[in-house]
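Please read the following report alongside the sequence and the model.

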Amino acid sequence: MNSATHAAIEAVWRIESAKIVAGLARMTRDVGLAEELAQEALVTALEKWPQAGLPDNPGAWLMAAAKNRALDHFRHAKLVEAKHEEIGRDMEEGFTPDFDAALEDDIGDDLLRLIFTACHPVLSTEARAALTLKLLCGLTTEEIARAFLVPEPTVAQRIVRAKRTLSEARVPFEVPSGDELGSRLASVLEVVYLVFNEGYSATAGDDWMRPALCEDALRLGRILAELAPEEPEVHGLVALMEIQASRFRARSGPSGEPVLLIDQDRSRWDHVLVRRGLAALERAEKTGGALGPYTLQAAIAACHAQARTPEETDWKRIVALYDALAQLMPSPVVELNRAVAVSMAYGPAEGLALVDAIAAEPALRGYHLLPSVRGDFLQKLGRFDEARGEFERAALLTRNAREVRLLLDRAAALHSGLRVVK
Amino acid sequence: MRFMMLMIPKGYESAKPGAMPDPKAVAAMMKYNEDLQKAGVMLSGEGLHPPSMGARVSFKSGKPKVTDGPFAEAKEVLGGYWMIQVKSRQEAIEWAKRCPGSDNEVIEIRQVQEASDFEGNLPPKLIAREEALRGKLERKNR
């Protein structure tokens, strides 16, 4: 096959697939079937376009082809007459010359329905993520597998099972309303952020599909912000992702070692993304209501983004934001972060008191950042022997070779008398 | 990847100061901008006033020389731009194809250079300096 045409088809698919699947899902009320029909349309395009060239409106072409498939499918399946007629009528209306415009009006709603369905809590988080990437981002099963570092058959099975679960649970193709909306939206945002974090945790030498997940998540978030502009937490999540993504280049050193936020070269931050993040945060705050967890985290990230140097960081504001976050979602990890902020704002002794208060938390057992943070406070307080012990303990708890090196170096420095207070 | 889609409207090189495009074309373009926004690919975009309201600064023999617009020698001038973030050059092209352009309009697609493009071509010190400057500028603009 002509590789230029192939690349063009791939690009068209990336732009159009979600809309096609969403439109078909509204007609068939079956997300799994919709996705299969859309795939069949893609196969037809792959057969025909290399010879015939790309049609003027490839999206409409694919949609028409998929609708034809749907019609065939229902004829063969000999559905109950009523259903058949309903679908048939929908199809015929769909084939009026202006169907593209007619479709356009609803497509946003359909996309939103598709997102909510793919991220339905009846599915496991992994299944939601895989299905979302497949249905909304147009990724292939193989690409998803590479991105998540799992075998392709595992992802394929995850998707098949997810579709079956949705159909068995009779999950309606709709945007939830009322009381349900809050928890369902949380489920959607969780999936988007999970995809983002999976990409963000990629390290040098990883398959490029992994960091690309960040872009997919950002795109999804930006789409969601357009579809549900009245939801502050959607903007909050977008803001959080934009600001975190802005640090992508600065967060690792020349040999791939992680660079802590405080030590990052701020000129390497991506300022286009910082600006977008701050704008999204403003939208979240303006949309009203109490700040949600994503908006609070974005606000914390923004404090760092707005400081030209680490010394300019408004730590007192960060402490206040962590206070609010800890109230919304109490967790030992949030407490640990809060302790770090407190130590920066009010001194290491205050930070140490907070860490010691949560040191016995079962959730933090085996968490290397606990001794690592504690060691840092102790070092700043001049309690070098205790600090060394903490760094050594932390080194035993992490599996990341580069971090082990870093921690052992710090411990060794304390041992050899190079007791520099940072 | 980031791409600039540069809009080059033929005839704009001689447009009068304050000339604005036809409202119908503006409406179509706004719809297109909305589509880019809704698809989560648009990073930024602006329209530009005609060259007759601008100026050119040239540097022949190292000395800046200012020429007020319009510019007799210019055959193609910019009317505006979009910056988009997409997965491939082909996807940028597909987006450009969806623009409701008129007969006289051309969109040029150019990939935005990123620091990693320079690595290996420029001494690391220079790259760092360039990025530091860029950071400073961006912060000033905020």
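In chain B of this predicted model, four strands form an open sheet in the order β2-β5-β1-β6 with antiparallel pairing, where strands are DSSP E runs of at least two residues and helices H or I runs of at least four, numbered from the N terminus, and two strands pair if DSSP finds at least two bridges between them. The edge strands, each pairing on one side only, are β2 and β6 of chain B. β1(B) and β6(B) pair in the antiparallel sense over 7 bridges, and Pro9(B) has Glu105(B) as its bridge partner in β6(B).

| Strand | Residues |
|---|---|
| β2(B) | 42–47 |
| β6(B) | 105–111 |
| β1(B) | 2–9 |
| β5(B) | 80–85 |

Residues are numbered from 1 along each chain as its sequence is written, and chains are lettered from A and ligands numbered from 1 in the order in which they are written. Because the model is predicted, local features need pLDDT of at least 70 and side-chain atom pairs count only at pLDDT 80 or more, whereas totals for chains, interfaces and linings use all residues.

In chain A, helix α2 (residues 31–52) bends by about 30° at Leu46(A), the bend being the angle between axes fitted to the seven residues ending there and the seven starting there; Pro50(A) follows within four residues. Just after α2(A), Gly53(A) takes a positive phi of about 85°.

Ala66(A) touches Leu37(A), Ala38(A) and Ala41(A), among others, not counting residues up to four places away in sequence, contact meaning C-beta atoms, placed from the backbone, within 7 Å.

Methods
The expected span of a helix is 1.5 Å times one less than its number of residues. Two residues are in contact if their C-beta atoms, placed from the backbone, lie within 7 Å. Axes are lines fitted to C-alpha atoms, for helices over the stretch in contact, and angles run from 0 to 180 degrees between N-to-C directions.
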